[in-house]
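Please read the numbered points beside the sequence and the coordinates.

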Amino acid sequence: MDLQQRQLWNEDHKRLTSIIQKPTEHEKTIELFLNQHALLYSSKMDNSQVNTLEDELLNNITEETFRKYPVVSPGTKNSIVWHIWHIARIEDMTMNILVSNNDQVLDSGEWNKKLKIDYIHSGNEMTEMEVAELSSNIDINALLSYRIEVGRNTRAIIKSLQPGQFKQSVESVKIKKLLDQGAVKKEATWLLEYWGKKNIAGLILMPATRHNFLHLNKSIRIKDKIQK
C-alpha cells in the first residue's frame with residue numbers, strides 16, 4: 001500500500017465509522033469492513049491479488065529486522081515481532097471472547113506451543129526483559145500463520161452478525177472471562193476497563209481495524225529505518 005492507498009483506507013474507515021451502527025446499512029458495513037480488514041493482512045489470508053499493508057511490511061524483511069529490540073523509532077522501541085504478536089493477540093481476544101463468546105484461536109490450536117513462547121496476555125505493560133525474550137524466541141513463521149488464522153476467524157465472526165448487533169454493549173461477564181483467562185497483565189487491567197465501555201462497533205473500529213493499521217505502520221517505519 002502506497003501513501004495514496006493508505007489515505008484511501010483512512011477515508012473508508014471514516015465511512016465505516018459513520019454507518020456501522022445503522023442497521024439499515026448492515027450489508028454495506030460488512031462489505032466495507034471485509035475490504036478494510038483484508039488490506040491489513042497478508043494477501044495469503046484470502047488469496048487476494050491486492051498488495052496489502054502487511055505485504056509491504058513482509059516484502060524483503062530480514063529476520064534480524066523482525067527481531068531487533070530495542071529499536072529507535074517514533075512512538076515505540078518494541079520489535080516488529082512484538083507488534084505483530086500484540087495486534088494478533090488483541091484481535092483474537094476481542095473478537096472471539098467479547099464479540100462471539102467462543103474460544104480464542106490461541107487456545108483452540110495449541111498456538112503457544114507453536115509460537116515457542118509462554119505469554120498468553122495482550123502484551124501491554126511488558127517489561128523490557130519480557131519484550132527482549134519474546135523478540136528473541138518467538139517462531140516467526142508460526143506467528144504469521146497464527147495471525148492469518150486470527151484474521152480468518154474474525155471475518156467469519158463479522159459475517160455472522162445480524163442487523164443491530166453492532167450496537168450491542170460489551171457484556172461484563174465476557175470481560176470477566178478475559179480477566180480469568182489472564183488475557184492482560186495485572187498492570188494492564190485498564191485495557192479491560194476500556195473495552196468494557198465499548199459496544200461491538202467500537203471493537204470493530206479499533207481492535208479489528210485501526211489498531212492493526214497503527215501498529216503495521218509503526219512496524220514499516222522500523223523496517224525502513226533499519227534496512228534503509
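1. In helix α1, the buried residues are R6, W9, H13, L16 and I19. Viewed down the axis of α1, these residues fall within an arc of 135°, so they line one face of the helix. The model is a predicted one.

2. The opposite side of α1 should be noted as well. Exposed residues L3, Q4 and K14 are carried on the face turned away from the buried side. The cover over the buried residues of α1 includes α2 (26-38), α3 and α12.

3. The length of α1 is consistent with its residue count. At 1.5 Å a residue, its 17 residues should span 24 Å, and the end C-alpha atoms lie 25 Å apart, which agrees.

4. How many aromatic pairs are there? The count comes to 3. In one of them, the ring centres of W9 and F213 are 4.2 Å apart and the planes stand at 0°, so the pair is stacked. W9 belongs to helix α1 (residues 3-19) and F213 to helix α12 (residues 200-226), so the pair ties together parts that are 204 residues apart in sequence. W9 counts as buried at 1% relative accessibility, and F213 is buried with a relative accessible area of 5%.

5. W111 and Y146 form a tilted aromatic pair, with 5.7 Å from centre to centre and 45° between the planes. This pair links distant parts of the chain, since W111 is in helix α7 (residues 111-115) and Y146 in helix α9 (residues 140-160), 35 residues apart. W111 is buried, at a relative accessible area of 10%; Y146 is buried too, at 0%.

6. Two charged side chains are placed over rings. The charged end of K114 sits over the ring of W111, 4.2 Å from the ring centre. R147 lies over the face of Y41, at 3.8 Å from the centre of that ring.

7. The largest nonpolar core comprises 39 residues, and those with the most contacts inside it are I84, W85, L115, L134, I138 and Y146. Elements giving two or more residues to this core include α3 (53-58), α5 (80-99), α6 (105-108) and α8 (128-137), together with α7, α9 and α12. Leaving aside neighbours within four places in sequence, W85 is in contact with residues including I117, Y119, M126, L134, I138 and L143.

Technical notes: Residues numbered from 1 in each chain as written. Predicted model: local features only at pLDDT ≥ 70, side-chain atom pairs only at ≥ 80, totals over all residues. Heavy atoms only, no water. Phe/Tyr/Trp six-rings, centres within 6.5 Å; stacked < 30°, edge-to-face > 60°. Helix = DSSP H or I, 4+ residues; strand = E, 2+ residues; numbered from the N terminus. Buried < 20%, exposed > 50% of the residue type's maximum accessible area, 1.4 Å probe, protein only. Lys NZ or Arg CZ within 6 Å of the ring centre and 35° of its normal. Core = buried A, V, L, I, M, F, W, Y, C linked by side-chain atoms within 4.5 Å. Contact = heavy atoms within 4.5 Å. Expected span 1.5 Å × (residues − 1). Arc of directions from axis to C-beta.
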